[in-house]
Amino acid sequence: MKKDEHISEEQLNALVDGELDPEEKSRMYSESELSPELDQRLCRQRKIKELVKHAYEEVPQPRRLTGAPLAPASLFGRSLVAGALLVLGLAIGFFGERYLFETRSNGPLSIAPVAATVTETDNYILHVVSGEPEHMYAALQEARELLDSAGEGQFRQVEIVANENGLDLLRSDVTPYADEIASLQARDVVFYACSRTIERLEEKGVKVHLVPETDQNYTALDRVVTRMKDDWKYKKI
Amino acid sequence: MGNSRDRLYRMAYAWTHDPQLADDLVQQSMCKAISNQKQLKDIGAVDAWLFRILSNCLKDYYRARREVLSSEELVVIDTRTPEQEAAELQLVNKVRKAVRKLPTTQCQVVTLVDLEGFTYATVAEIMEIPVGTVMSRLCRGRRALRESLINIRPEQQDKKSVSLQRIK
């Protein structure tokens, strides 16, 4: 048995990953000074860690077929998720204050207090992901009730965004609710069909026909995030 | 290190090696994060929370695709063309190829520790497994990487394509 073999791989990993307490770390470094074998094992372990890190410093960005162009490549996705984080932050109260997530180039996702008071609005974005007729109907009903319940003189906007199976709500050859949609559009409700879901269906050879006046220029998440950043209320159906 | 979106995307890419899928997983994760934001009780744990959602999205993806009998047993597909094989000679591609061959759960642990610098305890929280399991998966994963990248010379590497298979 080699003299360094009592040092397990788990211990070596713990050392290179900074999981050991200072005392244990000193002991292992001292041992590695005396044992070229142990020192070599330690170097190999470090090298593996560094290689993995290096291999993913730059990663290929996704290709988008439709929707907002990527220029620079990841700008859209970056702002989208940064927006989502912002929304998350806005929605989370912490120690009685409101916070938002700040995306930085280094370190953990950080949190900064919001300087200004967040304005309450009374607009709604409804998100439909289910293709079940009762869920689609519930979304339309919800929109109608929200419009009906707006106070006198109050301007309330309602939008409905559909993705995944929920896209069926807006497919003219599938939806059972074309008339209800038209009547809500007449009341200025805007309907969004997720561009990503459309892409996926078309990649599978499905021709997507949408009800008139449906906006298909955004992904569902993009629309939701944009509206939530504007303090709209979000409801998933 | 990139910003938060880049961090999630880079991790998703390291797990899947598919830019489109990685992007989808990140977006899906953010949708879920928005929907379930009330579940985040400890603001300090937001990193682990987001990466846990990402990890669960990957699980859901595999479940939906029915590709994985058990993610512990998964060995990932390699369908390289000759041109791509040539590119593999480059260091980065060689490392990615080795990472891609790891079982998914080992790949996740290795990349969470190496790319994000998460502690073992945080990785345990993200993947909802005991710390001991994190350590053993990390150990097995790094051992496999070491064998691929350091101990084996290029001409000794197996040139056959591998497909999805059980390893037990």
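**Figure 1. Helix 3 (residues 46–65) of chain B against helix 7 of chain B in the predicted model.** The two axes (lines fitted to C-alpha atoms, for helices over the stretch in contact) come within 8 Å and cross at roughly 45°, with angles running from 0 to 180 degrees between N-to-C directions. Helix 3 of chain B is therefore oblique to helix 7 of chain B; angles under 35 degrees count as roughly parallel, over 145 as roughly antiparallel, 65 to 115 as roughly perpendicular and the rest as oblique. The crossing is right-handed, meaning that the near helix is turned clockwise from the far one by less than a right angle. From helix 3 of chain B, B:Ala48, B:Phe51, B:Arg52 and B:Ser55 meet B:Thr122, B:Glu125, B:Ile126 and B:Met127 of helix 7 of chain B, a contact requiring C-beta atoms, placed from the backbone, within 7 Å. Helices are DSSP runs of H or I with at least four residues, strands are runs of E with at least two, and both are numbered from the N terminus.

**Figure 2. Helix 6 (residues 104–116) of chain B against helix 7 (residues 120–127) of chain B.** These helices pack at an angle of about 135°, with their axes 10 Å apart, and are therefore oblique to each other. Helix 6 of chain B passes helix 7 of chain B in a right-handed crossing. B:Gln108, B:Val109, B:Leu112 and B:Val113 in helix 6 of chain B face B:Val123, B:Ile126 and B:Met127 in helix 7 of chain B as contact partners.

**Figure 3. Helix 8 (residues 220–229) of chain A.** Eight of its ten residues are buried, so this helix is largely enclosed by the rest of the structure; a buried residue has 20 or more other C-beta atoms within 10 Å of its own. Among them are A:Leu221, A:Val224, A:Val225 and A:Met228. Just after helix 8 of chain A, A:Asp231 adopts a positive phi of about 75°.

**Figure 4. Confidence along chain B.** The mean pLDDT (the predictor's confidence in each residue, from 0 to 100) of chain B is 77, and 73% of its residues reach 70 or more. Confidence is lowest in helix 4 (residues 82–87) of chain B, at a mean of 52, and highest in helix 7 of chain B, at 95. Over residues 152–168 of chain B, pLDDT stays under 50.

**Conventions.** Residues are numbered from 1 along each chain as its sequence is written, and chains are lettered from A and ligands numbered from 1 in the order in which they are written. In this predicted model, local features need pLDDT of at least 70 and side-chain atom pairs count only at pLDDT 80 or more, whereas totals for chains, interfaces and linings use all residues.

Key
Contact = placed C-beta atoms within 7 Å. Buried ≥ 20, exposed ≤ 12 C-beta atoms within 10 Å, placed from the backbone.
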